[in-house]
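Dear colleague,

My notes on its strands and cavities follow it.

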Amino acid sequence: MSALDSARSASERPARRLDAIFSGDRKVVIAYLCVGDPSVEETIALGQACIRAGADVLELGVPFSDPTADGPAIARASHRAISRGGGLRASFNAARQIRASDPNVGLVLFGYYNPLFVRGEPEAAREAHEAGIDALLVVDLPVEESAPLRAAASAYGIGIVPLLAPTSRAERVRAAAEASKRWPTPFVYYVSVTGVTGSEVHDAGDAGLRAADVSKQLGRPVVVGFGIDSRDKARAAARHASGVVVGTALVRAIEQGRTASERQSEVERIVRELRAGVDEA
């Protein structure tokens, strides 16, 4: 059996893991952490804290020097993380340790295309598989140009998560729908607002309704992210969407925390609050 055949024979588990999470009896909470902020070691502990508090999926953010889709809070976290050893390799190492502690949590590698391109798509996909990653979300890779990465990832059972927004044209939604038929697409990330991460969302319920419409078009679960930072917003969005993503609120709590214990406690509180709101939906 070739190395690629071996990879394919072991590739079903990642796809099954996220499918099981989204087909469960509750809506999904996804928690974003920037790997390396405040340190790679603490990111692992914070990820485990998120899981204890009710997160079903962790988005492990690969810090990047030019995070154009991110607001000021996550941009600052990315720059801090780079200075403290964060990067693609560190993100794989963090994923590997979190996976060893929890075989069932969903793990999504979240970031920009350049680090994956520099590493080489087949090599990056192999390392992601070995680290226990279930899916990749590449914010600056248009779906129309994603076929090489999708092919490399799918050989290891790793999905690609499309990113759609209120400004996505009909042809972009159709392209995502076609890609989801051909390649593993565990879920879709719907941006609640036109803007960067941390932007204020004024009507989370409306964002949930629009996410539900996207779900019908693509036939995949859709989560709402950007600006979901309270129990009320999580409840409103999850009434119609498959779940919510919290990122900036966690990053701000980590930035403001004075000690590791304080940071962990506040991160757990935020995730529990959103978990409660999603469960109320």
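In the classes used here, Ala, Val, Leu, Ile, Met, Phe, Trp, Tyr, Cys and Pro count as nonpolar, Asp, Glu, Lys and Arg as charged, and the others, Gly among them, as polar. Please note that this is a predicted model.

By these classes, the lining of the second largest cavity divides into 8 nonpolar, 3 polar and 1 charged residues. Its volume is about 50 Å³. Among the residues that line this cavity are Tyr32, Asp70, Ile74, Ser78, Phe110 and Gly111. Helix α4 (72-83) and strand β3 each supply at least two residues of that lining.

At least two lining residues come from each of β3, α6 (113-119) and β4; the lining includes Leu109, Phe110, Gly111, Pro115, Leu116 and Val138.

Strand β3 (residues 106-111) therefore deserves a description of its own: 6 of its 6 residues are buried, that is, under 20% relative accessible area. Gly106, Val108 and Phe110 point one way from the strand, while Leu107, Leu109 and Gly111 point the other way.

β3 pairs in the parallel sense with strand β2 (residues 57-61) over 5 bridges, and Leu109 is the bridge partner of Leu60. With strand β4 (residues 135-138), β3 also pairs in the parallel sense, over 4 bridges; here Gly111 stands opposite Val138.

Yours sincerely

How values were computed. Residues are numbered from 1 along each chain as its sequence is written. This is a predicted model: local features need pLDDT of at least 70, side-chain atom pairs count only at pLDDT 80 or more; totals for chains, interfaces and linings use all residues. Side-chain values use heavy atoms; hydrogens and water are left out. Buried means under 20% relative accessible area, exposed over 50%, partly exposed in between (1.4 Å probe, protein chains only). Two strands pair if DSSP finds at least two bridges between them. On a 1 Å grid over the protein atoms alone, a cavity is a set of points where a 1.4 Å probe fits but cannot get out, and a pocket is an open set with protein on both sides within 12 Å along at least five of seven lines; lining residues have an atom within 4 Å of a point. Grid points are joined across faces, edges and corners, and a volume is the space filled by probe spheres set on the points.
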